[in-house]
Amino acid sequence: MVSSSRVGGLAARAVFYMSTQNNSRSRETYDTNTVTAINTLQQWYNDGTGLWDSTGWWNSANVLTVLADYAVENPDSAASLNIPNVIQNTYEQAQKTQIQAIKALSAVGMPISTYTRIEKPKGSDIELHTRGFDNFLNDYYDDEGWWALAMIRAHDMGVLGLGDQKYLEAAMQIFEDMKGGASTCGGIYWSKVGTYTNAIANELYLKTAASLANRVPDRKDYYLDIAKTEWEWFKNSGLINGDNLINDGLDDKCNNNGMNTWTYNQGVILGALVELNKATGDRSMLDQATAIATAAIVHLSRDGILYEGCEPDCGADGAQFKGVFMRNLRVLQQAAPQEAFQNFLMNNANSIWANDRNKQNQLGPTWPGPFAEANAGSHSSAMDALVAAIVVS
């Protein structure tokens, strides 16, 4: 359960406020940087698969989400960058791309995802359900949750004629599949092929339910009841530790397993609680989100810049994590503004552009620098900070 103390002690408060001093740029600067980053990102885009080469299946859902986030914020610029058509192409093509998914968990709770793309034999006409993740479904509930949220954000763009209603329907179908993964600990399992109950799958389930409650009026009660039940379980499950940070999951006895407090575990819950606040009007949701966000900034940043414990080599999965936190912190900042959060978002965007960018404008995984090898995952993760800076500046 979230502690009533938002930041533990005077020393932690000092660290929090010292790490979030104002060093802002203009909104126009952040937008210009984001447009440059989008043009670089699209060099990894594969029109045929609808995915971004150099990164994984769930990562591509996050790439889609950051593009949709930018499109919601600046629709005219997004149209000039062809983002609506990219999103529609991904919706159509990604489900048709034949992929084999295998996941494992490291000793500290780092997911290691392997996606093997299987080329379609020339001249063959394989049915959709046998050659891809039809309806974005596979054996992993977290993967499904990322795509559900990507489809919801694509719907939010409101680009009529490009599948808007289909995006929301896709998210609803994904959610029903996730609902079938009930865990004996409560909540849902990580996958259909194991019995691990982890934080991220449940945060995604919660955020998807609350988001649908706010977008499907005739089924609001259905989704809201599930979201409220899920949050009641989550906050009492032991996943939230005494520092107001969320560990990776539960052990076989349904107790906190003490694994790493990855940044994305502190992130999705923020957006979930904002959506739940919107659906219920319950201000305590924002207070609890603020406590988690503050704890994450205190404990998971270095000199005011978000830091993942595995840096600079976090693999394809870990390279995506920090952007998830920044995206959801931005959502919380919009709902419950704090100057410290605003400054933190802008300072991270500034550091990325100044210290974590190469001559090709690729963005790496180590935001304070120096630049490390980039891929579509690390690049799009950094873009989440850039887009957040546009919104809050």
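## Helix packing in a predicted model

Let's start with a helix pair: R27, Y30, D31, N33, T34, A37, I38, T40 and L41 in α2 touch A376, H379, S380, M383, L386, V387, A389, I390 and V391 in α16. Sorted by type, the residues of this contact come out as 11 nonpolar, 5 polar and 2 charged. Bear in mind that the model is predicted.

How do the axes of α2 and α16 run? Helix α2 (residues 27-41) and helix α16 (residues 376-392) have axes that come within 9 Å and cross at roughly 160°. With over 145 degrees counting as roughly antiparallel, that makes α2 roughly antiparallel to α16. The crossing of α2 past α16 is left-handed.

Now for another pair. Helix α7 (residues 141-156) packs against helix α9 (residues 199-213) at an angle of about 30°, and their axes are 9 Å apart. α7 and α9 are therefore roughly parallel to each other. Here, too, there is a left-handed crossing, with α7 passing α9. On the α7 side, D142, G145, W146, A148, L149 and I152 make the contact, and α9 brings in I200, A201, L204, K207, T208, S211 and L212. That contact splits into 8 nonpolar, 3 polar and 2 charged residues.

Two further helices are worth a look for their spans:

For α3, 15 of the 17 residues are buried, so the rest of the structure largely encloses it. Likewise, α12 has 13 of its 16 residues buried, so α12 is largely enclosed by the rest of the structure.

Notes: Residues numbered from 1 in each chain as written. Predicted model: local features only at pLDDT ≥ 70, side-chain atom pairs only at ≥ 80, totals over all residues. Heavy atoms only, no water. Buried < 20%, exposed > 50% of the residue type's maximum accessible area, 1.4 Å probe, protein only. Helix = DSSP H or I, 4+ residues; strand = E, 2+ residues; numbered from the N terminus. Axes fitted to C-alpha atoms, helices over the stretch in contact; angles between N-to-C directions. Parallel < 35°, antiparallel > 145°, perpendicular 65-115°, else oblique. Left-handed = near helix turned anticlockwise from the far one by under 90°. Contact = heavy atoms within 4.5 Å. Nonpolar A, V, L, I, M, F, W, Y, C, P; charged D, E, K, R; others polar.
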